[in-house]
Amino acid sequence: MTEQSSAHDGPLIPMPVLTPSALRAAVAQIAPGELPAFVEHLDRAVEQAARNGTIAPLRTFLQWWGEFVAIQRYPARAARLRELEVVAEEATDREALGSALAEMRQIMDAAHRETPAVGR
């Protein structure tokens with residue numbers, strides 16, 4: 001993509017293609033602390049795909065990390081999601097919980113729309 005980063009709300013990086021190497025590079029750049037989880041998830045997906053004779057675990061891996069990158073490449077979006085997770089955890093009434101979950105769903109839906117299709 002040819003998106004340009006703005007100082008306030010633009011993406012840190014363009015949305016990568018959904019390959020393990022492109023996603024690894026994106027995670028390394030925008031969320032380096034998540035690289036161990038990325039590698040562990042990739043290893044599990046490869047083992048599961050080989051064991052079951054299906055590429056479904058690899059598709060799931062690519063989709064999950066694609067959506068992770070779609071969220072994390074926008075710092076304000078990532079920060080808002082973290083805030084909402086705390087609100088949801090600490091909610092003491094249904095209204096507050098429902099509101100936080102609805103906004104979290106909006107963020108996740110936007111990330112899903114921005115993520116290139118995996119075998120669709």
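What follows is a short chat about the helices, aromatic pairs and selected residues of a predicted model.

Visitor: What does the C-alpha trace span along its principal axes?
Guide: About 45 × 35 × 30 Å.

Visitor: And how many residues are there, and what share counts as buried?
Guide: The protein has 120 residues, and 36% of them count as buried.

Visitor: Among contacts between residues at least 6 apart in sequence, what share joins residues at least 24 apart?
Guide: That share is 57%.

Visitor: On to packing. At what angle do α1 and α2 pack?
Guide: Helix α1, residues 20–30, and helix α2, residues 35–52, pack at about 160°, and their axes are 10 Å apart. An angle over 145 degrees counts as roughly antiparallel, so α1 is roughly antiparallel to α2.

Visitor: Is the crossing left-handed or right-handed?
Guide: α1 passes α2 in a right-handed crossing.

Visitor: Which residues meet there?
Guide: From α1, the residues are P20, L23, R24, V27 and A28. On the α2 side they are L35, F38, V39 and L42.

Visitor: How do α2 and α3 pack, then: what angle, and how far apart are the axes?
Guide: The angle is about 160°, with the axes 8 Å apart. That makes α2 roughly antiparallel to α3.

Visitor: Which residues make that contact?
Guide: α2 contributes A37, F38, H41, L42, A45, V46, Q48 and A49. α3 contributes P57, L58, F61, W64 and W65. The residues of this contact divide into eleven nonpolar, two polar and no charged.

Visitor: A45 is on that list. Where does A45 lie?
Guide: A45 lies in helix α2.

Visitor: Why does A45 count as buried?
Guide: Because its relative accessibility is 4%, and buried means under 20%.

Visitor: What is A45 in contact with, leaving aside neighbours within four places in sequence?
Guide: P57, L58 and F61.

Visitor: How far is the A45 C-alpha from that of A78?
Guide: The two C-alpha atoms are separated by 25 Å, and the residues are 33 apart along the chain.

Visitor: Switching to rings. How many aromatic pairs are there?
Guide: The count comes to five aromatic pairs. One of them is F38 with W65, which is edge-to-face: 5.2 Å centre to centre, with 75° between the planes. This pair links distant parts of the chain, with F38 in helix α2 and W65 in helix α3, residues 56–72, and the two are 27 residues apart.

Visitor: Are F38 and W65 buried or exposed?
Guide: Both F38 and W65 are buried. There is also an aromatic pair of W64 and F68, which is stacked, at 5.9 Å centre to centre with 10° between the planes.

Visitor: Where do W64 and F68 lie?
Guide: Both lie in helix α3, four residues apart, about one turn of the helix.

Visitor: What about the accessibility of W64?
Guide: W64 counts as partly exposed, at 45% relative accessibility. F68, by contrast, is buried, with a relative accessible area of 14%.

Visitor: Which residues form the aromatic cluster?
Guide: F38, F61, W64, W65 and F68 form one aromatic cluster.

Visitor: Last one: where is the place of P14?
Guide: P14 is in the segment before α1. P14 is partly exposed, with a relative accessible area of 41%.

Visitor: And how far apart are the C-alpha atoms of P14 and A26?
Guide: They are separated by 8.9 Å, with the residues twelve apart along the chain.

Technical notes:
Residues are numbered from 1 along each chain as its sequence is written. This is a predicted model: local features need pLDDT of at least 70, side-chain atom pairs count only at pLDDT 80 or more; totals for chains, interfaces and linings use all residues. Side-chain values use heavy atoms; hydrogens and water are left out. Axes are lines fitted to C-alpha atoms, for helices over the stretch in contact, and angles run from 0 to 180 degrees between N-to-C directions. Angles under 35 degrees count as roughly parallel, over 145 as roughly antiparallel, 65 to 115 as roughly perpendicular and the rest as oblique. A crossing is left-handed if the near helix is turned anticlockwise from the far one by less than a right angle, and right-handed if clockwise. Contact means heavy atoms within 4.5 Å. Rings of Phe, Tyr and Trp (its six-membered ring) pair if their centres lie within 6.5 Å; planes under 30 degrees apart count as stacked, over 60 as edge-to-face and the rest as tilted. Buried means under 20% relative accessible area, exposed over 50%, partly exposed in between (1.4 Å probe, protein chains only). Ala, Val, Leu, Ile, Met, Phe, Trp, Tyr, Cys and Pro count as nonpolar, Asp, Glu, Lys and Arg as charged, and the others, Gly among them, as polar.
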